[in-house]
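Keep the sequence and the model in view while reading.

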Amino acid sequence: MRKLLEAAQRNLADANVATISTDNRFDAAYKCLMQCAMLGLWASGYRTATSQPSDHQTAIQCLTLTMGVPAPTVIVLDALRKQRNLSDYEGDPISEATLASCLDEAGKLLAHTRQWLCDHHPELLGAA
């Protein structure tokens with residue numbers, strides 16, 4: 001769990017490097033979001049079936065149940081998931097506004113995840 005949390009932190013740091021493309025920065029920020037969502041699932045005793053479509057959708061839409069993320073935030077995160085699909089599978093470019101939103105949401109979800117794990121599952125983080 002701690003390694004995945006550290007990976008999410010690295011991805012968010014990479015997403016904030018202004019010298020790489022908007023699309024790659026978005027990908028790194030989105031990866032941070034997904035790693036946080038997976039931490040919530042795993043800490044709650046669940047796994048997604050990565051061999052099945054919709055594992056990202058499931059992880060994001062379960063955040064209200066797993067880590068108490070407010071429903072309006074989950075709606076925003078799900079919209080970012082849809083934008084990621086358009087970018088990855090149809091080549092749609094990522095706008096600066098979409099990148100800014102993803103960076104902001106990734107930062108907030110990472111902070112929420114850290115706090116939630118400390119409050120509810122400190123044993124999963126191991127020695128710091």
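Helix 2 passes helix 5 in a left-handed crossing. Left-handed means that the near helix is turned anticlockwise from the far one by less than a right angle; clockwise would be right-handed. Helices here are DSSP runs (H or I, at least four residues), numbered from the N terminus. The axes of helix 2 and helix 5 lie 11 Å apart, and the packing angle is about 135 degrees. Axes are lines fitted to C-alpha atoms, for helices over the stretch in contact, and angles run from 0 to 180 degrees between N-to-C directions. Helix 2 and helix 5 are therefore oblique to each other. The angle classes are: under 35 degrees roughly parallel, over 145 roughly antiparallel, 65 to 115 roughly perpendicular, and the rest oblique.

Helix 2 brings Phe26, Asp27, Tyr30 and Leu33 to this contact, and helix 5 brings Leu77, Leu80, Arg81, Gln83, Arg84 and Asp88. Contact means heavy atoms within 4.5 Å. By class, the contact of helix 2 with helix 5 has 5 nonpolar, 1 polar and 4 charged residues. Ala, Val, Leu, Ile, Met, Phe, Trp, Tyr, Cys and Pro count as nonpolar, Asp, Glu, Lys and Arg as charged, and the others, Gly among them, as polar.

A word on the source. This is a predicted model, where local features need pLDDT of at least 70, side-chain atom pairs count only at pLDDT 80 or more, and totals for chains, interfaces and linings use all residues. Residues are numbered from 1 along each chain as its sequence is written, and side-chain values use heavy atoms, with hydrogens and water left out.

**Helix 6 and its partners**

The crossing of helix 5 and helix 6 is left-handed. From helix 5, Thr73, Val76, Leu77, Leu80 and Gln83 meet Thr98, Ser101, Cys102, Glu105 and Leu109 of helix 6. These residues divide into 5 nonpolar, 4 polar and 1 charged.

Helix 1 (residues 2-15) and helix 6 (residues 96-120) have axes that come within 11 Å and cross at roughly 160 degrees. Helix 1 and helix 6 are therefore roughly antiparallel to each other. Their crossing is left-handed. On the helix 1 side, the contact uses Leu5, Ala8, Gln9, Leu12 and Ala15; on the helix 6 side, Leu103, Ala106, Gly107, Leu110, Thr113, Arg114 and Leu117. The contact of helix 1 with helix 6 has 8 nonpolar, 3 polar and 1 charged residues.

**Cysteines**

How many disulfides does the structure hold? The count is 0. A disulfide is a covalent bond between the sulfur atoms of two cysteines. The cut-off used here is a pair of cysteine sulfur atoms within 2.5 Å. The sulfur of Cys36 has its closest cysteine sulfur in Cys32, at 4.3 Å, too far for a bond. For Cys62, the closest cysteine sulfur is in Cys36, at 15 Å, also too far for a bond.

**Accessibility of selected residues**

Buried means under 20% relative accessible area, exposed over 50%, and partly exposed in between (1.4 Å probe, protein chains only).

| Residue | Relative accessible area | Class |
|---|---|---|
| Cys36 | 0% | buried |
| Ala37 | 0% | buried |
| Asp78 | 9% | buried |
| Cys62 | 22% | partly exposed |
| Glu6 | 34% | partly exposed |
| Glu123 | 55% | exposed |

Ala37 is found in helix 2 (residues 22-43). Leaving aside neighbours within four places in sequence, Ala37 is in contact with Ala59, Ile60 and Leu63.

**Pairs apart in sequence**

Glu6 sits in helix 1. The C-alpha atoms of Glu6 and Cys32 are separated by 9.8 Å, with the two residues 26 apart along the chain. Glu123 is in the segment after helix 6. Glu123 and Met1 are 122 residues apart along the chain, and their C-alpha atoms are separated by 9.7 Å. Ala37 and Leu125 are 88 residues apart along the chain, with 16 Å between their C-alpha atoms.

Definitions and conventions:
Helix = DSSP H or I, 4+ residues; strand = E, 2+ residues; numbered from the N terminus.
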